[in-house]
Amino acid sequence: MRRRTGTGSQVDWFTNFILFSLWFGAEFILSPETTAPGFGLPSWPSGDGDGFLIIKEIRDVVLALVLGILLVTGHRRALGWALLVEALAAYGDMTTVLAHRGSVATALGVHCLTATLMVVNGLLIMRETRKVAAAPTTPAPQPA
């Protein structure tokens, strides 16, 4: 029997989040020069520095796949823990943008907001309790 990870709206939210992460990662890998400004850094890397952008997005795709697998298999607590840990990557992105004098609005409005939403949802998933009706221990009386 397959276990559900939560309500329909939670599953929909996580599915959309995972699909967005996969799309964003694929777009960054295929055309980093057009997607990079949205990351928040002030300039395009020179020389062979653009490779870090592809590495960053491969990371995003892998993180999304981990969440997708946990969602599909119904491992609710593991999904909550994974969200908490993966939020560190988004907080790291925020720190990177701020440390390199990038856009404060992007650092806070994209990276920090994403990480904070991941933490909140991870905690909510881990807090979720399942109320299952207990099966009757004695058979119900049958009409004659």
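Guide: Of the 144 residues of the protein, 33% count as buried. Buried means under 20% relative accessible area, exposed means over 50%, and partly exposed lies in between, judged with a 1.4 Å probe and protein chains only. This is a predicted model, in which local features need pLDDT of at least 70 and side-chain atom pairs count only at pLDDT 80 or more, while totals for chains, interfaces and linings use all residues. Residues are numbered from 1 along each chain as its sequence is written, and side-chain values use heavy atoms, with hydrogens and water left out.

Now the setting. The protein has five helices and zero strands. Helices (H or I, at least four residues) and strands (E, at least two) are DSSP runs, numbered from the N terminus. Read from that end, the order is α-α-α-α-α.

Next, helix 5 itself. Helix 5 covers residues 104-127, which is 24 residues. From first C-alpha to last, helix 5 reaches 32 Å, close to the 34 Å expected at 1.5 Å a residue. The expected span is 1.5 Å times one less than the number of residues. Helix 5 bends by about 30° at C112. That bend is the angle between axes fitted to the seven residues ending there and the seven starting there.

V120 counts as partly exposed because its relative accessibility is 41%. V120 and L84 are 36 residues apart in sequence, yet 8.4 Å apart in space, C-alpha to C-alpha.

Look at R127 too. R127 and R76 are 51 residues apart in sequence and 9.9 Å apart in space, C-alpha to C-alpha. R76 is found in helix 4. R76 counts as buried because its relative accessibility is 16%.

Last, the pocket. A pocket is an open set of points on a 1 Å grid over the protein atoms alone, where a 1.4 Å probe fits, with protein on both sides within 12 Å along at least five of seven lines; lining residues have an atom within 4 Å of a point. The largest pocket is lined by 23 residues, and F17, F20, S21, D60 and T114 lie nearest its centre. Helix 5 supplies at least two residues of that lining, as do helix 1 (8-30), helix 3 (51-73) and helix 4 (76-99).
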